[in-house]
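Morning, everyone. I have one structure to go through today, so let me put it on the screen.

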Amino acid sequence: MKLFFRDFLRQLRLTEFRLLGVALILVSVAITSVSMFSDRVEQGMQARTSAIFGADALVESTRPVRDEIIELAAQFDLQVAQSVSFVSMLGSPEGSQLVGVRAVTDGYPLRGELLLRDSGNPDSNEIATDIPKPRRVWVASQLAVSLDLGKSESTLGKLSFVPDREIMLEPEGGAGMLRLAPRVMMNMSDLASTGLITPASRARFRLMLAGDSDQIAAFGNSVEPTLKSYESWIIADIRQSDVRGTIGRVVSYLRLAVLLSVVLAVVAMALAAQGLWRRQSNEVALLRCLGKSHASIVTNYLWIYLVSAIPVALIGIIFGYVAQNMAVNVVTQASGIELPGISLTPLLLVFAVSILAMLAVTLPLLLSLKGVSSIEVLRSRQGDVVGRNRVAVLGVVSLIVCVAFILARDAELAGIVVVGLSIAGLLLWSVLKLLIYAAGKIIKPRSSSIYYALKAISANSSRSAWLACAFGTTVFALVLLGVVCADLFAAWERSVPQDAPNVFLINIQEPDVEEIQKKISQLGAQTTPMFPIIRGRIISLNGQGINADELEDKSAQHRVNHEFNLTELADLPVANTITAGRWFSADESGWSVEEDTAKLLGIEIGDLLGVDIGGLKLEANVTSLRAVRWDTMRPNFFVIGSPGLLEGAPRHYITSVQVNKNINLFINDISRSFSNVSAINLDMLLQRFRSLANQASGAVGAVFVFTLGAALLVLVGVLQGQRSVRLREIALYKTLGARKRRIRRNVLCEFALLGGLSGALGGGLAILSGWILADRIFGFIYHPPWHWLVLTIIGTATLVALCGYASLRKLLDVLPIRLLARL
Amino acid sequence: MGNSNAAGLVLQASNVSKRVNLGDQTIHILTDVSLSIEAQQSVAIVGSSGSGKTTLLGLLAGLDSPSSGAIDLLGSSLESLDEDERAALRNGKVGFVFQSFHLLPNLTALENVQLALEVVHRSENITERALSALDKVGLSERGNHLPSQLSGGEQQRVALARAIVIGPSLLFADEPTGNLDHGTRDQVCDLLFSLCNEIGCTLVLVTHDSDLASRCDRIFRLDGGRLVS
């Protein structure tokens, strides 16, 4: 142990060894902070999704849930609650109204919150701790306006109730979801007495379940095979959640950032390791002369590297933990989403990757020691012997690929990054070699710094290509991240502009349309167009009936089995982009289908699509496919018909309104004037979303700075590796009588040219790759920011020139004789 | 395995040749060199630049393998040994002094000397023994200095201390005074011979310096890769 510490301390004196350590710290900080953060955010999102769902999973049926299923849930020790939802008429002194009734059992909701307001105190919102008492009902805001809460009686079927509280927010159809009929919630024990549920009733029976994810998964595995055709198993999955759009992008971005940071830090490690071995090959040759065996040299170094990787990873973990904790605080404050505690899995990953990274960059070099002959020590050119091992490159590349796939947890993202970086590296290398070769042929002798710089670049074409390739790949990573980052912010800006609608008005009947529009303008609010809503179901494609049972995908089955909202529009709605075909021209009749739905059901342009609207069957050709941004707080549709196509179909209207003054007053006013209209207040959701987007921008920006740190480390690593060669050159120039000023100019010029070249190629490739990422991972409409390229070229040229000069500045001031003594 | 064979020879080379292929061309660096060196002798290998002196030294020390011929070092035939076995043979018995010193820049003078003891696993009193070796070359006060803080002569004296600290039977020196000025050169030469005498080791040195060569018991002269005298 004592010997180990002594050797370790000796190694610590080497700049390259310290650089290796710093790069490894960066690797572990990157993995710790972003893995833990994205893990917690993802778990938080899962919890939020469960909250929206009201449960972690549920069994849904069109008949009462069978006792076997309830017993099975008890065996798995899961929390359970039941609900029955159906549409009925609520009788009140003011008349009858269509309502969405939900009867619930104790424990409802298992996840999330039910927000209530008391009749006595309109300003007090409180979270429900129980369910409605027997013979009492809770009602949605728009009903509460017309009913005298706590006093008047209402009837549902054969039973009369006293509505006593107002529902402000509920799971299973919270503020963001559109429900046509206002909610009435009752106690399950009263359901039978209403006489509303008969075997012929159209009702949805739900067994709601909560437990840890393993329990839920195990129950799902057991119950799924036993389900009848009228039953289905549904898990609250973030992939189907409406929060995915926002936070999912942040997580994807963070993963991309961490991936690129790790790649850059591993490259910096590889560079530092190469530099280290150039220095240490002297030592190795000498040790061989003194009689030390190959095996014992390898073992000795391996121990030093591997054991030192552990405390280094630990330092990274501490920094990473602090960083992610700060990020978590920001998100918690901004979004109100409580994030769960840390899991230890990322820590194991950090240790594993740190040791693997150390092994990947040093082991191939250690193994190449076989090539260090002790005779080399007599010839003073040991440094050239090591570092040509192709295995080293292979080792690092393999590690990067492994890390990419582990960290990204998204094969497509990891694939794009790995393939993108490989192509970028290869392309950069080839193009640079070609350009350098061409420069060597074209340049004419002149006594200018540019000539000498070009001469130096082409005379050392391999060194120059390697330098520019390393810088170029770094620029590639940074610009890619910057481009995506900028577009991410822009997408947020676009999705929640300051004038975003904050109230949805639904269930507007055709005769009320004009009156409502008048009322809205009287109240000083701004409205989007009225969208007609027609409920329909897809029944045929190209004349062939679609049988849901023949479809393999469950989402596809669901889309065919269930009615959904159709509309007819003359203009392409905001936040919709045509991806195939074209929007309806005048007098053209056809369908425009959302692209994911089209993909799900195999619908293509020109297909004849048949739709059933309450018995009315309609057929038309598909004329366009659309990409839809769902997170824009505006009405969006899977299928849109051309104007007049749905004529005669029963419809109601929907619109979104931007209310600048008191929203509650506006909603009350509308509800009083139009009792059938449901108003949904989105303001709280919007404020939360804006705050989250703002804070997430900060977190993303911080991660970008982190990647920048990794990039600078690569730059320092490359320059450090060049130092001994540059020392030789500068010593020679000085000995031959070159002035300091001239050498400085030549150095600046050479590095600026290399930097500019790397910037142009790396930046150009990054902008092109951003295109692919924006489309495939982040779902943006991408506008290539070509002006970035110019800035990148100038920026990289300046940065590389200054850093290159700074790394050699001290050598310029040293007397030639002293420089020669160092050789 | 003894330190010398029955005749008192510590080193014997028979018809040693070294060839290097550069593309289609074969360069003959050494041709049919035969020599033998007895224990505790001092031997100089001289010759003009490119005559193959350093290559011969490397071959004799087992740092490289000949293209043909046989070398017997400290009673062991080198041709039957691989590089690791040759390293094990040198371990603790062979010392080296190089023209460009080859001190490790990140280690102090004392640590550079200690390194030789560590390699041969003599970890007892390591500091005292290293300090004693430095004392013998007159540098015990400079033990904590890095090579970059020492002059050329001082660096070579540290290298000498590193070579003798293990008490070698055989000391190889490659142009030990080649990088030194006149005054320093004499100082290092005196030290080299006196220390070799003190520990009773055989000295094989390669040099251009006729004064240095003349102080040795025997001189081998190389010309164009052949031993001429």
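This is a predicted model: local features need pLDDT of at least 70, side-chain atom pairs count only at pLDDT 80 or more; totals for chains, interfaces and linings use all residues.

Let me start with one residue: is A:Thr194 buried or exposed? With a relative accessibility of 1%, A:Thr194 counts as buried, the cut-off being under 20%. A:Thr194 belongs to helix α5 of chain A, which covers residues 191-194. If we set aside the neighbours within four places in sequence, A:Thr194 contacts A:Leu156, A:Gly157, A:Lys158, A:Leu159, A:Phe161 and A:Met186.

Now to the other chain. Chain B has 229 residues, 54% of them buried. Its secondary structure comprises 7 helices and 10 strands. Of the contacts in chain B with a separation of 6 or more, 71% are between residues 24 or more positions apart.

Strand β3 of chain B, residues 42-47, runs parallel to β9(B), and 5 bridges join the two. Within that pairing, B:Ile45 has B:Phe220 in β9(B) as its bridge partner. On to β9 of chain B, residues 218-223, and β10(B): these run antiparallel and are joined by 2 bridges. B:Asp223 is opposite B:Arg226 in β10(B), and B:Leu222 is opposite B:Leu227 in β10(B). The hairpin of β9(B) and β10(B) has 2 residues between the strands, and in it B:Gly224 takes a positive phi near 55 degrees.

Next, the aromatic rings. Counting over all chains, the structure has 9 aromatic pairs. One of them is A:Phe531 with A:Phe637: the ring centres are 5.8 Å apart and the planes are at 45 degrees, so this pair is tilted. A:Phe531 sits in strand β14 (residues 531-541) of chain A, while A:Phe637 sits in the loop between β20 (616-628) and β21 (639-641) of chain A, so the pair ties together parts 106 residues apart in sequence. A:Phe531 and A:Phe637 are both buried.

What about B:Phe96 and B:Phe172: how are their rings arranged? The centres are 5.7 Å apart with the planes at 25 degrees, so the pair is stacked. B:Phe96 is in strand β6 of chain B and B:Phe172 in strand β7 (residues 170-174) of chain B, so to speak of the sequence, they are distant parts of the chain, 76 residues apart. B:Phe96 and B:Phe172 are both buried. Back in chain A, ring pairs also link A:Phe17, A:Tyr301 and A:Tyr305 into a cluster.

A:Arg66 pairs with A:Glu231, and the closest N and O atoms are 2.7 Å apart. A:Arg66 is in the loop between β1 (57-61) and α3 (67-75) of chain A, and A:Glu231 is in strand β11 (residues 231-235) of chain A, so the bridge ties together parts that are 165 residues apart in sequence. Both partners, A:Arg66 and A:Glu231, are buried.

A second salt bridge joins A:Glu588 and A:Arg582, at 3.3 Å from N to O. Here A:Glu588 is buried, at 17% relative accessible area, whereas A:Arg582 is partly exposed, at 48%.

In chain B, B:Glu198 forms a salt bridge with B:Lys136, with 3.5 Å between the closest N and O atoms. B:Glu198 lies in helix α6 (residues 182-199) and B:Lys136 in helix α4 (residues 126-136), both of chain B, so the pair ties together parts 62 residues apart in sequence. B:Glu198 is exposed, with a relative accessible area of 52%, and B:Lys136 is partly exposed, with 38%.

Last, the surface of chain A. A:Leu314, A:Ile318, A:Tyr321, A:Val322, A:Met326 and A:Ile342 make a nonpolar surface patch of about 550 Å². Of these, A:Tyr321 is in helix α8 (residues 294-335) of chain A, and A:Tyr321 is partly exposed, at 35% relative accessible area.

Notes
Residues are numbered from 1 along each chain as its sequence is written. Chains are lettered from A and ligands numbered from 1 in the order in which they are written. Side-chain values use heavy atoms; hydrogens and water are left out. Two strands pair if DSSP finds at least two bridges between them. Helices (H or I, at least four residues) and strands (E, at least two) are DSSP runs, numbered from the N terminus. Rings of Phe, Tyr and Trp (its six-membered ring) pair if their centres lie within 6.5 Å; planes under 30 degrees apart count as stacked, over 60 as edge-to-face and the rest as tilted. Buried means under 20% relative accessible area, exposed over 50%, partly exposed in between (1.4 Å probe, protein chains only). Patches are made of residues with over 30% relative accessible area and no salt bridge: like charges are joined within 9 Å, nonpolar side chains (Val, Leu, Ile, Met, Phe, Trp, Tyr) within 5 Å. Accessible areas come from the Shrake-Rupley method with a 1.4 Å probe; for residues, only the protein chains shown count as cover. A salt bridge is a side-chain nitrogen of Lys or Arg within 4 Å of a carboxyl oxygen of Asp or Glu. Contact means heavy atoms within 4.5 Å.
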